[in-house]
Amino acid sequence: MKLSVATIALLFATTEAFQVGPSGRASSRLNIVAGEEKASAKIEQIYASKPAEDPVFDELVKSSFPGAISNKELATRVVELLDEKGFTPDNTLLATSVCADELARVLEDEFVDIYGTNFNLGGLSGFPFAGNTGWGAMSAHVPDNGYCLTIHGPHVGITKDGVIGKVERSGIALVDNCCGSAIAASNYLKGITDGTGDINPRIQQFSDFQQGAVQELILPFGKRLERAEDRMRELPYALYDSQEVMVTDIVNTGKGGIKKGLAVLGGIQINTGPDTLDYFHPLRFDYFDEDGNLVENMLPYLR
């Protein structure tokens with residue numbers, strides 16, 4: 001078989017991209033160099049190109065979501081805590097369960113730039129649809145004698161003038177819904193609770209089974225959302241409480257696969273326009289040891 005010059009070049013480039021680092025761990029990202037560099041050393045570099053903090057907008061976000069901190073502040077605190085426990089870019093696998101929306105990739109990509117790789121557990125609205133099977137596969141991919149950082153939660157948008165459930169998107173004039181999946185599920189639920197909607201008999205169809213599942217999983221929160229002062233603000237917290245049940249079950253079922261340690265960070269992603277920082281409201285930050293024991297609640301360090 002004859003190989004063209006272009007094919008040979010492509011094969012060589014692919015080999016270079018996946019070459020094994022000094023510790024024997026392959027990296028699929030060209031800008032990640034395997035080694036013992038502390039993750040905290042990357043923070044300033046990663047956020048140097050991000051928008052500067054806007055004090056007025058910062059106050060607006062925190063008045064709507066008390067307890068929220070900027071992604072930069074979140075990453076700084078999380079990474080410093082995990083540095084102390086031995087997490088490094090070389091021995092840590094990041095696992096995320098966040099929404100399919102591209103805005104949910106912002107936080108995910110920032111932590112990928114810190115730790116280098118990611119195993120995706122999530123789907124629409126941030127539910128961990130990969131389930132126990134996905135968790136088991138992810139656990140097997142954690143480096144030997146290494147760690148896993150799992151980040152999960154729904155997301156919500158907020159516009160520059162404080163409208164919750166909407167967000168400005170780059171290159172799009174329309175101020176769009178965020179999270180679209182969550183809002184669609186909320187509207188479905190509202191129709192049921194106020195008696196104006198019909199129950200969808202095709203809710204389990206495979207062509208849209210994730211959205212059908214979101215609608216089913218939010219059903220127990222109908223009265224809570226109906227009574228909320230601001231339905232769009234309450235919606236991500238209701239979704240988080242539903243997701244937390246699933247995440248806890250998945251972690252408890254699969255914690256026998258933990259290697260050196262596991263950190264689970266849960267909360268609400270707060271997406272903003274392209275000219276402002278994103279935020280996160282941390283609601284859980286737990287550390288499990290290699291035997292699967294919950295040994296530390298680290299949430300107070302994020303507040």
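1. At what angle do helix H4 and helix H5 pack, and how far apart are their axes? This is a predicted model, and in it H4 (residues 71-85) and H5 (residues 105-115) pack at about 35 degrees, their axes 11 Å apart. The crossing of H4 past H5 is right-handed.

2. If you want to look at that contact up close, the H4 side includes Leu74, Val78 and Leu82, and the H5 side includes Val106, Phe111 and Ile114. By type, the residues of this contact split into ten nonpolar, one polar and one charged.

3. Now for the cores. The largest nonpolar core has 30 residues, and those touching the most other members are Phe65, Ile158, Ile218, Leu235, Leu239, Ile270 and Tyr279. H3, H7, H10 and strand E8 each supply at least two residues of this core, with H10 giving the largest share, six residues. Phe65 has contacts beyond its sequence neighbours with Val156, Ile158 and Ile270, among others. Apart from this core lies another, of 29 residues, including Ile43, Leu74, Val78 and Phe280.

4. Have a look at Glu53 too, in the loop between H2 (43-47) and H3 (55-64). Its C-alpha atom is 7.0 Å from that of Thr276, although the two residues are 223 apart along the chain. Beyond four places in sequence, Glu53 is in contact with Asp58 and Leu277.

5. A word on confidence: the mean pLDDT of the chain is 87, and 85% of its residues reach 70 or more. Over residues 1-34, though, the pLDDT is below 50, and this stretch has 34 contacts beyond near neighbours in sequence. Where pLDDT is low, predicted coordinates should not be read in detail.

Notes
Residues are numbered from 1 along each chain as its sequence is written. This is a predicted model: local features need pLDDT of at least 70, side-chain atom pairs count only at pLDDT 80 or more; totals for chains, interfaces and linings use all residues. Side-chain values use heavy atoms; hydrogens and water are left out. pLDDT is the predictor's confidence in each residue, from 0 to 100. Contact means heavy atoms within 4.5 Å. Axes are lines fitted to C-alpha atoms, for helices over the stretch in contact, and angles run from 0 to 180 degrees between N-to-C directions. Helices (H or I, at least four residues) and strands (E, at least two) are DSSP runs, numbered from the N terminus. A crossing is left-handed if the near helix is turned anticlockwise from the far one by less than a right angle, and right-handed if clockwise. Ala, Val, Leu, Ile, Met, Phe, Trp, Tyr, Cys and Pro count as nonpolar, Asp, Glu, Lys and Arg as charged, and the others, Gly among them, as polar. A nonpolar core is a set of buried Ala, Val, Leu, Ile, Met, Phe, Trp, Tyr and Cys residues joined through side-chain atoms within 4.5 Å. Buried means under 20% relative accessible area, exposed over 50%, partly exposed in between (1.4 Å probe, protein chains only).
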